[in-house]
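Student: Please take me through one part of this model in close detail. I would like a single connected account.

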Amino acid sequence: MSAVRTQQKRYAEQAVMAWKSKTRNLQVFDTELSADTVEWCPVSSSNDILACGTYQLQKGAEEQDATPSRTGRLYLFEFRQEASLSPPLTELQRMDTAAILDLKWCHVPLSGQAVLGMAVATGELQLYTLSHSQEGGRCLQTLSNLEVGTERLALSLDWSTGRIDSSDVRVVCSDSAGCISVLSLAEGALTSLSQWKAHDFEAWISAFSYWDTQLVYSGGDDCRLKGWDLRVGPSCPTFTCKAHSMGVCSIHSNPHREHILATGSYDEQVLLWDGRNMRKPLSETPTGGGVWRLKWHPNNQHLLLAACMHNDFHILHCRSAFEGGGGACPVVASYILHNSLAYGADWSQVSLEAQVPCSPPAVEPKESLTESGGHLRIQYESPTASFDTALEDDVGRYIPEGLAASSGTPSAGPAFNSTEGTTSLSCLLASCSFYDHMLHVWRWDWAPDDVQQKSQQFLPK
């Protein structure tokens, strides 16, 4: 009996390792201004809607010390899945705005409409509803706005609705003064509930726990990750974590698995946490680039999308970390076609059943500096252009533009059967990069190859 089990396990392991991963570009769009945030609408009736925000710093021409102006533009697109040679994205609307630092759709419709939140450089949180235009199309219309503070930039926002709970809708926002603001939305109007000083420098990111929306997380340029319980007030954080060695810029609560939290930093690490024990992370994964955004897959609890600034976009598989396996999370796919800082990224919930026109696969990894023997120096420019951050080895060597940043970068390639009962996985994604002002729409296919199909023939029924 043990021999049969051993053979069964061997064939099963072969099957698990035999998954093909392929990323394919569908369309590239020039945003003209530097692109830093992109978000697919999660509301089921509007899953085909994509928003992209831009940020352009325009320094004064006459005086070097003149206050720079920050302008932006908001784009709205519709994704059309048609078997034709036409591009799948159709531009529906563009609006010139203040510079946009972050975009987030409310996870559920409010009064029957999808609502988009926008954090802008004027220190405002702005809300828009997705409505039908007189021409029959869809467009964004102003719903409400609220200034979180003067002479500061609103840097991030998150909605409390991550687990489809539309009662007591709230928004959390972080800003360049190191403050966190919690706002409520009732009858179409934003109201400030509380604001407090959370970090010594820029508070790059703030996020709700989707399982207990009285819990808020924040990360700042003071290298601190903090937790806050809104029931007891913000006078003291529930924890202060120093696991990241540089500024904390991304936080996302897993909507499928309670207590699980992902954080990313300029220190190029993705950390996974059990919120009940913030003393030590479940896993640490080097990404080869500062981790500006993290997004859990909308349906699969194990998949995590990371925008890694100087080292492209990667999809991590986190099951081993959840099960106590330790070690870095393997990268199962990478998208490497951007030529500038990887900032914005998001999953779509559009089902990709039909074939979509696409360019040839882009899965080859970049050249790696595996023989460098040290961590090379990277100059990070903040998206607010308010500071630079440097990371270097003992001899101060630099990384050339466009090369992988660290020998510790996880190698791309499937490592687990992560489809959780399905035969394959096809995902639609969008990403954007900063200085080349580009928006990319792409798909990722993950499916068993012939080796797995053959191995399954030998498994006992």
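Tutor: The largest cavity has a volume of about 50 Å³. The model is a predicted one. One cavity of 30 Å³ or more is present in the structure. Its lining consists of D36, T37, V38, E39, L101, D102, W292, R293, K295, G344 and A345. Strand β2 supplies the largest share, four residues. By class, the lining has five charged, four nonpolar and two polar residues.

K295 sits in strand β23, which spans residues 293-296. K295 counts as buried because its relative accessibility is 6%, below the 20% cut-off.

Next, the surroundings of K295. Beyond its neighbours within four places in sequence, K295 is in contact with V38, E39, K104, H252, L303, L304, L305, A345, D346 and W347.

The side chain of K295 has polar partners. A polar atom of this side chain lies 3.1 Å from the backbone oxygen of A345. The K295 side chain also makes a polar contact with the side chain of D346, at 3.5 Å.

Finally, the backbone. K295 and A306 are 11 residues apart along the chain, and their C-alpha atoms are separated by 6.6 Å.

Note on methods. Residues numbered from 1 in each chain as written. Predicted model: local features only at pLDDT ≥ 70, side-chain atom pairs only at ≥ 80, totals over all residues. Heavy atoms only, no water. Helix = DSSP H or I, 4+ residues; strand = E, 2+ residues; numbered from the N terminus. Buried < 20%, exposed > 50% of the residue type's maximum accessible area, 1.4 Å probe, protein only. Contact = heavy atoms within 4.5 Å. Polar contact = N/O pair within 3.5 Å; in protein donor to acceptor, adjacent residues only side chain to side chain. 1 Å grid on protein atoms, 1.4 Å probe; cavity = no way out; pocket = protein on both sides within 12 Å on 5 of 7 lines; lining within 4 Å. Points joined across faces, edges and corners; volume = space filled by probe spheres on them. Nonpolar A, V, L, I, M, F, W, Y, C, P; charged D, E, K, R; others polar.
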